[in-house]
Amino acid sequence: VQLQASGGGLVQAGGSLRLSCAASGRTFSNYAKGWFRQAPGKEREFVAAISWNGVSTYYADSVKARFTISTDNAKNTVYLQMNSLKPEGTAVYSCAAGPPASYYSREYDYWGQGTQVTVSS
């Protein structure tokens, strides 16, 4: 599975962005999908995940109620709608796919390149 993330950019605090991650290759719909982020000088952290069938979603406490993960398996794409963005959300956001919907990056098999999100105060 090859993953391509897009949709990052510069936004003011309180604004919104929608990230997309398009997949090609093996059957994307068979995999759970996740979003992670890494800020400068910090470790990669979990943001959100969705089960392969889109039924179950999981969020980091820091983004709960502001971010929404969704998947369109017909389009082989997973989305991350980010609302009420905060400056601490500035990071490189990466998408991933793997067998389980997990909080742990090590459990994902496939990774896309990141897309930069910068939130100005």
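This is a short tour of a predicted model, moving from the whole chain to a few selected residues.

**Whole chain**

Start with the chain in cartoon view. It contains 11 strands and 0 helices, and the order from the N terminus is β-β-β-β-β-β-β-β-β-β-β. Switch to the C-alpha trace: along the principal axes, the trace spans about 40 × 25 × 25 Å.

Now display contacts. Among those with a separation of 6 or more, 56% join residues 24 or more positions apart.

**Surface and charge**

Colouring by burial shows 42% of the 121 residues as buried.

Next, select the charged side chains. There are 11 positive and 7 negative ones, with 5 Å between the centres of the two sets.

**Salt bridges**

Side chains of opposite charge can pair when their charged atoms come close. How many salt bridges does a search of the whole structure find? The search gives 2.

For one of them, select arginine 37 and glutamate 45. Their side chains form a salt bridge with an N to O distance of 2.5 Å. Arginine 37 has a relative accessible area of 8%, which is under the 20% cut-off, so it counts as buried.

Then move to aspartate 61 and lysine 64. The closest N and O atoms of this salt bridge are 3.1 Å apart. Is aspartate 61 buried or exposed? Aspartate 61 is exposed, at 68% relative accessible area, while lysine 64 is partly exposed at 46%.

Most residues other than glycine have a negative phi.

Select asparagine 76, in the loop that links β7 (67-72) to β8 (77-82). Asparagine 76 is not a glycine, yet its phi is positive, at about 55°. The residue is partly exposed, with 26% relative accessible area.

Finish at serine 84. Where is serine 84 placed? Serine 84 sits in the loop between β8 and β9 (91-98). Its phi is also positive, about 50°, although serine 84 is not a glycine. At 39% relative accessibility, serine 84 is partly exposed.

Methods:
Residues numbered from 1 in each chain as written. Predicted model: local features only at pLDDT ≥ 70, side-chain atom pairs only at ≥ 80, totals over all residues. Heavy atoms only, no water. Salt bridge = Lys/Arg side-chain N within 4 Å of Asp/Glu carboxyl O. Buried < 20%, exposed > 50% of the residue type's maximum accessible area, 1.4 Å probe, protein only. Helix = DSSP H or I, 4+ residues; strand = E, 2+ residues; numbered from the N terminus. Contact = heavy atoms within 4.5 Å. Lys, Arg positive; Asp, Glu negative; His and termini not counted. Charge placed at Lys NZ, Arg CZ, Asp CG, Glu CD.
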